[in-house]
Amino acid sequence: MSDVKKVVLAYSGGLDTSVIAKWLQEEYNCEVVTFTADLGQGEEVEPARAKAQALGIKEIYIEDLREEFVRDFVFPMFRANTIYEGEYLLGTSIARPLIAKRLIEIANETGADAIAHGATGKGNDQVRFELGAYALKPGVKVIAPWREWDLTSRETLMAYCEKHNIPVDFSTKKKKSPYSMDANLLHISFEGDQLEDPWTEPEDDMWRWSVSPEEAPNEATYIEIGYEKGDPVSINGEAMSPATILATLNKIGGANGIGRVDIVENRFVGMKARGCYETPGGTIMMKAHRAIESITLDREAMHLKDEMMPRYAKLIYNGFWWSEERRMIQALIDTSQKYVSGTVRLKLYKGNVSVVGRQSANSLFDSKIATFEDDAGAYDQKDAAGFIKLNALRMRIAAQKGRGFLDSDK
């Protein structure tokens with residue numbers, strides 16, 4: 001283990017990563033650099049500095065990455081209307097490539113020869129961090145303590161802290177949530193404890209960002225989101241930065257009971273896992289983006305995007321953000337967004353998001369053709385007869401050869 005001289009640790013300041021910081025010093029006899037990212041998790045990240053200093057850490061990185069996170073990771077993902085297994089908006093998955101990127105950049109800046117993370121050997125995050133790290137720095141050494149040590153519970157971690165004089169007052173002063181949680185500007189997730197029984201309904205006080213639909217206001221909230229080339233740029237006519245837009249939508253959506261999901265998902269490592277997620281702003285953005293695309297995208301372009309989306313979602317979920325195929329798909333998606341600009345009006349009411357208006361200077365919707373009234377010859381309905389007969393030709397030939405459905409049992 002002596003070949004590791006310096007390691008960059010993804011450091012939250014919590015119990016697990018504080019133990020890891022000390023464990024790396026003890027087991028690898030190496031210098032530790034800590035990196036703490038503010039991705040909009042809603043908690044102060046600056047206290048991590050004092051905790052790292054108490055562990056003897058000399059090089060401490062604490063960075064506000066909220067704008068980069070939303071601009072360069074969340075928004076590109078939402079241009080594809082990305083959703084995993086029908087419900088999950090990939091809030092945890094999309095944060096990992098950015099953290100991996102900064103871990104490698106800091107390793108390069110500080111001359112570190114390894115990175116470390118606190119992901120367990122059962123989950124997806126270990127894969128996401130490490131695939132990103134290897135893609136960006138092929139020769140980097142990755143240390144994953146949960147795959148090496150014998151500290152397998154909170155009690156053993158606490159005992160380690162006591163033995164090595166690691167201050168743990170920050171983990172005992174306030175009531176510890178029974179859930180494993182991860183938060184950033186896109187979402188907050190909950191796993192573990194009673195959620196490990198997929199039949200058990202989550203207790204209402206588990207949720208942090210949203211009121212229940214039953215407790216949401218009895219009057220609807222209307223908002224308008226402005227889009228330019230597939231990305232939201234304004235709310236109710238007020239231009240905002242990417243991070244501000246998402247934070248604002250989180251507040252509006254949470255107040256209206258929007259964005260809660262309870263799912264059992266298929267992890268990349270092979271197991272099924274139950275998770276609950278709050279994604280109020282993302283839920284609104286998903287609905288709004290599809291609405292502005294509905295009037296600005298060509299039909300076949302839209303359908304091609306929809307066909308590719310599950311593959312794209314799986315790439316992000318499984319940790320392949322930095323892969324060649326993800327970048328190829330992204331280039332196609334981004335090309336499709338050239339004319340996706342305009343405004344969407346939405347109605348938010350007790351957990352529901354309804355589109356009630358959409359307009360764009362690039363709209364392909366032509367009321368003169370689509371009207372049920374007199375179209376003044378804009379569309380010749382007689383043309384439909386030949387169109388239908390040509391599309392039916394192969395089925396008519398098959399039926400004449402005895403392959404029709406009514407002949408299938410003969």
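Analyst: In strand E13, valine 344 is the bridge partner of isoleucine 225. The model is predicted, so to speak, by calculation: local features need pLDDT of at least 70, side-chain atom pairs count only at pLDDT 80 or more, and totals for chains, interfaces and linings use all residues. Residues are numbered from 1 along each chain as its sequence is written, and side-chain values use heavy atoms, without hydrogens and water.

User: In which sense do E8 and E13 pair, and over how many bridges?

Analyst: Two strands pair if DSSP finds at least two bridges between them; strands (E, at least two residues) and helices (H or I, at least four) are DSSP runs, numbered from the N terminus. Here E8 (residues 221–228) and E13 (residues 342–349) are antiparallel, with seven bridges.

User: What is the strand order in the open sheet?

Analyst: The five strands follow the order E10-E9-E8-E13-E14, with antiparallel pairing. E10 (238–239) and E14 (352–359) are the edge strands, each pairing on one side only.

User: Which unit do E1, H1 and E2 make?

Analyst: A crossover is right-handed if, with the strands pointing away from the viewer, the path from the first strand over the helix to the second runs clockwise. E1, helix H1 (residues 15–28) and E2 form a right-handed β-α-β unit. The crossover from E2 through helix H2 (residues 47–54) to E3 is also right-handed.

User: How many residues of E2 are buried?

Analyst: Buried means under 20% relative accessible area, with a 1.4 Å probe and protein chains only. In E2 (residues 31–38), seven of the eight residues are buried.

Definitions and conventions
Buried < 20%, exposed > 50% of the residue type's maximum accessible area, 1.4 Å probe, protein only.
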